[in-house]
Protein chains: 2
Amino acid sequence: MAKKQNRNIKEDKKPVKVGILGFGTVGSGTARILVENRELLEGRLGFPIALKKIADLNIRKDRGIALGKGVLTTDALQVTDDPDIDIVVELIGGLGAAKELMLRAIRNGKHVVTANKALLAERGREIFAAARKYGVSLGFEASVGGGIPIIKALGEGLIANRINYVYGIVNGTSNYILTKMTDEGMEFSKVLKEAQELGYAEADPTLDVGGADSAHKLTILASLAFGIPLSYKSVYTEGITGITPADIAFASELGFKIKLLAIAKAADGQVELRVHPTMLPKDYLISKVDGVMNAIYVNGRETGDTLYYGRGAGDMPTGSAVVSDIADIAQRITGGAPPKSGLAAVKTAGTPLGIRPMDEVESMYYFRFAALDRPKVLSRISGVLGENNISIASVIQKGRKEGEAVPLVILTHKAKEKNVRKAIRKIEGLRAVVTGKNCLIRVEGEE
Amino acid sequence: MAKKQNRNIKEDKKPVKVGILGFGTVGSGTARILVENRELLEGRLGFPIALKKIADLNIRKDRGIALGKGVLTTDALQVTDDPDIDIVVELIGGLGAAKELMLRAIRNGKHVVTANKALLAERGREIFAAARKYGVSLGFEASVGGGIPIIKALGEGLIANRINYVYGIVNGTSNYILTKMTDEGMEFSKVLKEAQELGYAEADPTLDVGGADSAHKLTILASLAFGIPLSYKSVYTEGITGITPADIAFASELGFKIKLLAIAKAADGQVELRVHPTMLPKDYLISKVDGVMNAIYVNGRETGDTLYYGRGAGDMPTGSAVVSDIADIAQRITGGAPPKSGLAAVKTAGTPLGIRPMDEVESMYYFRFAALDRPKVLSRISGVLGENNISIASVIQKGRKEGEAVPLVILTHKAKEKNVRKAIRKIEGLRAVVTGKNCLIRVEGEE
């Protein structure tokens, strides 16, 4: 059997050796691909990739992968410190041990591959600096968009482009919940519970539905697209917890779908960085991206719109992205090419772009007010909007219960966030006009 | 001014020098990007790319690009033979001079970038062999999908995947015509004439509407996806000239759209290679790709479906792809990495896949017969289909003109092409049952 397996292995080609930190979902997917597609990869690369070590606290659980003896260890340092290992793959996640081990591996001269968007977005400056200092490659294809090769497309495929904007659905859990709410008219909390039972949402879903996971990914995409420093703290972030079936229905009536978008747009020397529920025209391709699927638009001055679609999570899709980074770095090692740490390589000429404060961002808006007294309400509200330079594109008034709250929906033309907030505060102060919870959703699309 | 322009140029970084053959649409786009995005590219790459020569028979026409003195020449050998030029970009097109000049450049040790799908698909084996022999890189991102980085996605981003299938809309002209026929119920010939007047279709549209251009692109994609030799002659090719507004309307009634698809599918050790009008379920993302836009699905065992969408043609999108290849090769040159000639690098382990003969391909089918005599016709036709192991999924009969031809539409379950052809021949021989032109369209989707 050994003979047959080795049929295509050229004895003169030394394997590139890989160690994995973390044997969870993505770790298992990565290991499975390295083991089961070993011949395929060797055929494509011309040399073998050997999985030498996997470190995890739980090495008793059977993941159903045929690993050699001695591959599994509970000691992470057997991966980071093994002089024989060329590439360390960090799949632990989080900002703690993951960071320390990654830095340790870098200091040991290991090339590093990671799927850890939180770590890169929040502590990436330090990590990329270390990679540059120690002359190692840092691959992070798996940090955004799961199996979609979006990092490669943006950083290499579109290298000739001045990027105008990048926006996308980069969190599968939120998209699953919004899709289910849209298709079945269900409440957020019910769908979330169902998603948790099905394993589509974490026990603590905050990172996903609160928008932080999308903000992490946006931070990385924006750095790559615009050559700006990693700016997680500057991302305006709003999750989907406030979206109601009523808003989804009104959006539909107006010709829109609601998606949680991560948006990075450059204009006039500044970049907008924002994550929030967004109304999109129904006929946009991205509006049809449902369930757990991800999709990312990249608009370059040269290419115009391009779109990248696929599974944004899961063991095998994310493992596929991890292994593509391993293959890239392994080729650099065997070919004698200099290391590449993605972001480090991205510098744009000219004055660097600043971050546009959210107050200065312009957008169209959808408002839903709980209006108390219909006869007066529209003139009062439109008066306040007008005072703040916000002009109305359309209005929906539904129901009629004198003295009770009925929804009043307003779609605006383009307005400045600052003015919108001011107007909303004023309108919310009109206690005889509106009551309870109001809703604001930003709208993308042509005016 | 010179000082300001050179602000970001590090004097210690030698420029990589590029020569372009052909100053037409894509040549102009490529030159414009190299000139106008020079600083941007240098910022991203860390070294400059210099456009040294452009050869074309017509160098008098003003393309509005600020070229240095002496860049333009009518002598192609000033590009292929200049010892100073590192990368030769072939954008002449066609199988004649383009091939000779490309081979000459390769023999001179130049790396080569091309957008010439016809040449690669029909003569690529010779060209890739030459590139390997002379140790030069061969970039062809621009040969498929214009500004969509599909070659990079497939060859590098999805390198960890066993590819199950690749299919897509890879010809913008045909997609524009089908979209217009669908949206406005117009005849093929009328839309074609209009497209020619608008410059969306060539004076001789045969390559586009006849399917050969799609077959060229499919040949390249299939080699990359499945590690098979370039097999243009094995691609079953059928264009869109036979599609009528009636078929589009029937397809719509059945829940489908008609697109010209290029399909490469692997199963049971063989690859199907086919280009033909295809009925696709309306709710597929690709069914919503309209106008001149291109989109390509890649289904890998590991990632599942991924989709890549964008402009498949045009000066700047295709120029963007050309320049991404130039950037890749330039990085190899400056980094001292070995050359890479895409296809040459793709070898799959194990037994190579053979090409499945079209006769053996299985698909669902749509038939439209001009049925003469309704009472008898369905039983006669379904009898013939049954004899040939073709089972019917649905039937539409429209109109009623005793003794005259009315359309009879049949949708089948999965059947073998061989059996379908046999059945169709037999049915067409039933002169008392059907008359005039019948129509057959293959159907993709779940059964």
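In general, two copies of a chain are related by a rotation about an axis and a shift along it.

The structure is a predicted model, in which local features need pLDDT of at least 70 and side-chain atom pairs count only at pLDDT 80 or more, while totals for chains, interfaces and linings use all residues. Residues are numbered from 1 along each chain as its sequence is written, and chains are lettered from A and ligands numbered from 1 in the order in which they are written.

We can begin with the sheet in each chain. Helices (H or I, at least four residues) and strands (E, at least two) are DSSP runs, numbered from the N terminus, and two strands pair if DSSP finds at least two bridges between them. Strands of a sheet pair through backbone hydrogen bonds, either parallel or antiparallel. In chain A, six strands form an open sheet in the order β3-β2-β1-β4-β5-β6, with parallel pairing. Strands β3 (72-73) and β6 (138-139) of chain A stand at the edges, each with a single partner strand, so one side of each is left without a neighbour in the sheet.

The next topic is how helices pack within chain B. Two packed helices are described by the angle between their axes and the distance between the axes. Axes are lines fitted to C-alpha atoms, for helices over the stretch in contact, and angles run from 0 to 180 degrees between N-to-C directions. The axes of helix α7 (residues 150-157) of chain B and helix α11 (residues 212-226) of chain B come within 9 Å and cross at roughly 15°. That makes α7(B) roughly parallel to α11(B), since angles under 35 degrees count as roughly parallel, over 145 as roughly antiparallel, 65 to 115 as roughly perpendicular and the rest as oblique. In this packing Ile151(B), Leu154(B) and Gly155(B) of α7(B) meet Leu221(B), Leu224(B) and Ala225(B) of α11(B), where residues are in contact if their C-beta atoms, placed from the backbone, lie within 7 Å. By class, this contact has five nonpolar, one polar and no charged residues; Ala, Val, Leu, Ile, Met, Phe, Trp, Tyr, Cys and Pro count as nonpolar, Asp, Glu, Lys and Arg as charged, and the others, Gly among them, as polar.

Helix α11(B) also packs with helix α6 (residues 117-134) of chain B, where the axes come within 8 Å and cross at roughly 60°. The helices α6(B) and α11(B) are therefore oblique to each other.

Finally, we come to the contact between the chains, which takes 53 residues from chain B and 52 residues from chain A. The largest share of the side of chain B that touches chain A, nine residues, comes from α13(B), and the residues of that side divide into 22 nonpolar, 19 polar and twelve charged. Of the interface residues of chain B, 98% are also interface residues in chain A, so the copies meet through the same surface.

Helix α7 (residues 150-157) of chain A and α7(B) pack at an angle of about 125°, with their axes 10 Å apart. That makes α7(A) oblique to α7(B). The residues of this contact divide into two nonpolar, two polar and four charged.

Methods:
Two residues are in contact if their C-beta atoms, placed from the backbone, lie within 7 Å.
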